[in-house]
Amino acid sequence: MKMLAVFEKGPRLRLIGHLDLMRAMQRALRRSDLPIRYSQGFNPHILLTFAAPLNLGAVGEREIMEVPVEGTVDPAFFLDRLNAALPPDLKILACRAVEDTHKSPMALLRAARYSAQPEGGADDVAPFIGPFLAQKTVPAVKKTKSGEKEVDIRPMIHELSCRDGRIFATLDLREESTCKMELLLDRLYAFAGLETPHFLVRRLMLLGEDGNAFVPLEDV
Amino acid sequence: MEALLEAKLEKLLEQVQKPARYAGGEMNTSVKPFDEAELTFAFCFPDTYDIGMSHLGIKILYHIINKQPWGLCERVFTPWPDMGDAMRREGIPLFSLESRTPVRDFDLVGFTLQYEMSYTNILEMLDLARIPLYARDRGEKDPLVVAGGPCAYNPEPLANFVDAYMIGDGEDVMVELCAAVREGKRQGKSRLAILEDLAAIRGVYVPAFYDVCYNADGTVKSCTPNRPGVPAKVQRCVVTDLNGAEYPESFPVPYTDIVFDRIVLEIMRGCTRGCRFCQAGMIYRPVRERSLDRLLALADSLEKTTGYEEISLSSLSSGDYPCLAELIRALMDRYQQKRVSISLPSMRIDNIVKQSLEETQKVKKSGLTLAPEAGTQRLRDVINKGVTEEDLIRAVTDAFESGWSTVKLYFMSGLPTETDEDLQGIADLCKKTVAAYFSVPKDRRARGLKVTASVSVFVPKPFTPFQWVGQDTLEVIRGKQERMREYMRLKGVTYNWHESTLSFLEACISRGDRRIGDVIYTAWKDGCRFDGWNEHFRYETWLAAFEKCGLDPAFYAYRVRPLEEVLPWDVIDAGVTKEFLIREYEKALKGTTTKDCRKGCNACGLQRWKGACPAYENARGV
Ligand code: SF4
């Protein structure tokens, strides 16, 4: 059996890297004494995968991880036990048990919803959102492992809006097509002819697909 | 911290190296509300987070203070230069990790003194905290600045910056001191009155209550109390019962990588082998052991509360722990299932039991570290390192036969009476180590022999039998290092040597007097910090600081002190007496050894204090 757990990575931990977070979660699982599974081989480690690494600097409101366990475990029990073993800035919010054959969250992931809070509010950029979206293409330069690459991010943007001084967006997040919130904001501000301000990014939710609609990844 | 500053801080953290160092919020750290505590203590480690969090003392004292219902302890480390500079630029004061409270808002600000070359970081931290650096400039609203740790045994170099020192084992005196400050606060006492209360506690030294006079030649004439009720000599604190002593049942578990990221079990404190260069061996006397039961219980709770995958046993000479093999076996039995490995970091070569070697490597094959310290038997006798060449060769052969292939050997150069023969002896031992490896049949030894020999420069330390000797001059050291490089052109051996200028400054400060404080201040003012880090060590600036202060570093490092000279640290009674140290010094020069006092008391001085030395009292049937 595998556990799908939704967790929060709080503001205090936004500059803790992916590998450090992974290790913190593994240690918490050890402390929890839950029947977790280890990899085979010479240096066994706890089996644990995150749906998608979070950008350094961002807060994760509903991140998702998959934890294979031995036998059957009650999800409510899993949630309580693990929460008791976690530091205050990491919290399990929901938990669901699935079969081992269930596709991994990494494979089911399609997109993510974000918010960004620009320093000094979003009033200046808000009027440009409509025209920005009306563009047929939005060229952007993506840094990849093999260098820089020009891409059109327009098809990767599924939603872009502004409310209460915050910018909201739903963006592609899958192997073949990923647009980071930081990249979108960079293009948006350039389009508006404004200097990109300092902002705090939150990843609000990871999304999978049901038919043609996005649904929370943990429900897929 | 105010919201505006906090916002600035958040922004700044995105720009500095390793921001995780400043995040806080780790598992098992304090979550007490700052405003509700009656007594607040900022525990300051004058180095980076990664170094400080690896240190056991901070974990013990953090636990002890937070255990008091009225006490709160939070941690502070030295911001790396990029962060320190940015904080100054943005007007962000030094803050604690837990609640991000400015350090100057704490009642007590405590520094642990682990090595002399961290002293400029103390000034850096006080300055970033906006606390006046000199104790005499602090007012009623400023925190009391206290300090402890091994380097505090010579409190004089930092005497002008520290309000009160705690000398010796910290477990009890820390609580006493905090309680006294809390009481003073409650009664609305003045700073001075509180310091007077503190001076009455055993182990507490308040530098401002002592006047130092100097002779015309620059040596200390006297250090005497300048008010009634202050002891002429401050007796160090001794925790006699290690089983009864507090020990944390949980450690903070860092997010980011630190140097020693594991459970540490202190199995013993003190060492009675009596190596004459070793300050720890003198100031942590007598030997006190934790019982097997207590250690297993601590291991249990630490394993549960941390989730760590490794337990290391710590003491000055773990091999001397009476039930070492039993302890390792018991730990392995318990934790093999949970995939926890056991490691022994500091083993002495003369009683490594082959069996325990085999047992540790079953769990984890780390390298073997041995410290013969000197290259010849003659010099090992001078320093009373009771280890023979046969011991060493047997130990490494055993290790190679048990499947180890990495050996680290530690030596010192510049020890009293050292000759060229002793230097060649180091190379000789390395050769014999390599030969020992090849003496093991090919099919029984592990592949990939790696012998590393590290040679450091000897630094004479207070409260050792060598506290009177002069350090080798830089010229002499350099000559020796050049020859060593020749001798050490050996196949299969990596040779490391240490920066001699750093050891020279360490020698100046470790046996320094109160006037050295101005040199430290000047060096810091001129940009020195993180002196222990190669990339930040600025030797020229230090030399200039001596010059500006009109002091000669050679006077501190090179000078041989006459036995009757008043030493700056004579105001501290460390347990071991001067008579004992003189006896040992004289025996050293004759090349006579002194036996381990578990085989009979050597009257080091601890026997003067009732109940302090279990070995002495047991032998006398007290
Ligand atoms: S008093 Fe005697 S037995 Fe105790 S530490 Fe000193 S020399 Fe050893």
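This is a predicted model: local features need pLDDT of at least 70, side-chain atom pairs count only at pLDDT 80 or more; totals for chains, interfaces and linings use all residues.
How do the residues of the lining of the second largest cavity divide into nonpolar, polar and charged? The legends below take up this point.

Residues are numbered from 1 along each chain as its sequence is written, chains are lettered from A and ligands numbered from 1 in the order in which they are written, and side-chain values use heavy atoms, with hydrogens and water left out.

**View 1. Cavities in the structure.** Eight cavities of 30 Å³ or more are present. A cavity is a set of points, on a 1 Å grid over the protein atoms alone, where a 1.4 Å probe fits but cannot get out; lining residues have an atom within 4 Å of a point. Points are joined across faces, edges and corners, and a volume is the space filled by probe spheres set on them.

**View 2. The largest cavity.** Its volume is about 110 Å³. The lining has 14 residues; B:Tyr22, B:Phe77, B:Pro79, B:Phe95 and B:Leu97 lie nearest the centre. In chain B, β2 (71-77) and α4 (81-90) each give at least two lining residues. Helices (H or I, at least four residues) and strands (E, at least two) are DSSP runs, numbered from the N terminus. β2(B) provides the largest share, three residues.

**View 3. The second largest cavity.** This one holds about 90 Å³. Among its 13 lining residues, A:Leu21, A:Phe50, A:Ala52, A:Leu54 and A:Glu63 are closest to the centre. The lining divides into nine nonpolar, two polar and two charged residues (nonpolar: Ala, Val, Leu, Ile, Met, Phe, Trp, Tyr, Cys and Pro; charged: Asp, Glu, Lys and Arg; polar: the others, Gly among them).

Notes: On a 1 Å grid over the protein atoms alone, a cavity is a set of points where a 1.4 Å probe fits but cannot get out, and a pocket is an open set with protein on both sides within 12 Å along at least five of seven lines; lining residues have an atom within 4 Å of a point.
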